[in-house]
Amino acid sequence: MLLSIAWRSIVSRRQTVILTFLSLVVSMSVLISVEHIRAQARESFNRTISGVDLIVGAPTGELNLLLSSVFRMGNPTNNIRYDSFSMLKSNKSVEWAIPISLGDSHRGFRVMGTNTDYFRYFKFGNERPLTLAEGDIFDSPFDAVIGADVARSLHYKKGDKIVIAHGLAAISFVNHDQAPFTISGILEPTGTSVDKTVHISLAAIEAIHLPAKQLQNLVNNPHAQLPLPESITSVMLGLSNKFATFTLQRQINHYQADRLIAVLPGVAMARLWELMAGVENILQIIGYLVLLASLFGLATMLLATMNERQNEIAVLRILGASPKLIVSLVILEALIISILALLFSLAIVTLSLTLLDSWLTAEYGLFLSNNVLSPDLLILSSIIIGATLITALVPGLEAYKKVLHSQLSSR
């Protein structure tokens, strides 16, 4: 009975209610989106690499090794011997090992030397493998496979020639123009640092640093055996036995023949994310402030209609409604508007995430689930309902005063 009366009262003031409803929908959509993206972005950040159990490099610190190897940020301060990579690859606990050699660039994009195991074993997101949009992987020694952003920004296509530059600056005065590379493949967008990377073979990155005459002989003879490098930047390891992770990490950290450090990617990423906690908190605060402003708008709407509803309240009093019932009616109206706005917001956010999934992945590397239902959402919904109840008390008390005033006047 009370629910029916509350709904009819809302419908009778539909023009004002619709504006308040839309305001609440916008604010709740913002808050739900912020909370969902915040939680999913942390997981997405941690899924920049997937399936890598250890990253091994020179002892430069966990974050430095992570940033240089995974995100291609910063400068690796030291290298490790290629013999150390061979030792790691032959370890019985290691299923696969991906070598990484950094230090060169192409027009501002990082160049990474690796081997075909990189394209076979490296995964991102939810165990997604790297796939080629066109072309092949390293058909000849001086081939390059470029990321989607490199191809899009520089308008490259398969078969184009590129020149690798020494160093990491966008403009370099030392170019390896004696050994131009041919683009043999272009990768599909991943939303990770892979998109901004030029991949060449590990042997080729060593060859371009040889003396000019020796390099020219290699270029003129496509079937020549390229030399293996003496050192590389880091190694990504996938283990056949996950329980051996900490044992192998300890063995690597105490390896006597070379100075090595083994890093757990998940732990290092968690520490890196902690540095960004301030931004995360600011987003939360902004979302709650937007919601608070909309709830104030709801209270203002209910207060503004109190004078218009004097006849309605008088009729309810004649029918025997108590002052408490009138207050309950006002609060119930606020709850109906708020709950409908919440459900509408959930539908909008879910639909938006479904439609924008591919774009968010390709442009920003966000692997967002379109399922917004979670324990955090239940907590958030409870906060919204609780805030609505508190906000609705103001117009509810105003209605209570009007009822008492009408009682005193009638006496």
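These legends accompany close-up views of a predicted model. Local features are shown where pLDDT is at least 70 and side-chain atom pairs at pLDDT 80 or more, while totals for chains, interfaces and linings use all residues. Residues are numbered from 1 along each chain as its sequence is written, and side-chain values use heavy atoms, with hydrogens and water left out.

**Figure 1. The whole chain, to get your bearings.** The protein chain holds 15 helices and 15 strands, taken as DSSP runs (H or I, at least four residues, for helices; E, at least two, for strands) and numbered from the N terminus. Of its 411 residues, 48% are buried, that is, under 20% relative accessible area, with exposed meaning over 50% and partly exposed lying in between (1.4 Å probe, protein chains only). The accessible surface is about 20,600 Å², and carbon and sulfur atoms account for 61% of that; areas follow the Shrake-Rupley method with a 1.4 Å probe, and for residues only the protein chains shown count as cover.

**Figure 2. The largest nonpolar core.** A nonpolar core is a set of buried Ala, Val, Leu, Ile, Met, Phe, Trp, Tyr and Cys residues joined through side-chain atoms within 4.5 Å. Among the 36 residues of the largest one, Leu24, Met28, Ile32, Leu298 and Ile337 touch the most other members. Helices α1, α2 (14-46), α11, α13 and α15 (375-410) each bring at least two residues to this core, and α13 has the largest share, with 14. Look around Ile32: setting aside residues up to four places away in sequence, Ile32 touches Leu342, Ser345, Leu346, Val349, Leu377 and Leu380, where contact means heavy atoms within 4.5 Å.

**Figure 3. Helix α11 and its buried residues.** The 28 residues of α11 (residues 277-304) should span 40 Å at 1.5 Å a residue, and the end C-alpha atoms are 41 Å apart, which agrees; the expected span is 1.5 Å times one less than the number of residues. Its buried residues include Glu280, Gln284, Leu291 and Leu298.

Figure 4. Trp7, Val11, Ile339, Leu340 and Leu343 make a patch of about 430 Å². Patches are built from residues with over 30% relative accessible area and no salt bridge, joining like charges within 9 Å and nonpolar side chains (Val, Leu, Ile, Met, Phe, Trp, Tyr) within 5 Å. Both α1 (2-12) and α13 (323-355) supply at least two residues, and α13 gives the most, with 3.

**Figure 5. Leu237 in strand β14.** Leu237 lies in β14 and is buried, with a relative accessible area of 0%. Beyond neighbours within four places in sequence, the contacts of Leu237 include Asp53, Val56, Trp96 and Ile252.

**Figure 6. Salt bridges across the chain.** A salt bridge is a side-chain nitrogen of Lys or Arg within 4 Å of a carboxyl oxygen of Asp or Glu, and the count comes to 8. Asp53 pairs with Lys242, with the closest N and O atoms 2.7 Å apart. This pair links the loop between α2 and β1 to the loop between β14 and α9 (245-253), 189 residues apart. Asp53 is buried at 13% relative accessible area, whereas Lys242 is partly exposed at 47%. Glu62 and Arg271 form another salt bridge (2.6 Å, N to O). Glu62 sits in helix α3 and Arg271 in helix α10, so this pair ties together parts 209 residues apart in sequence.
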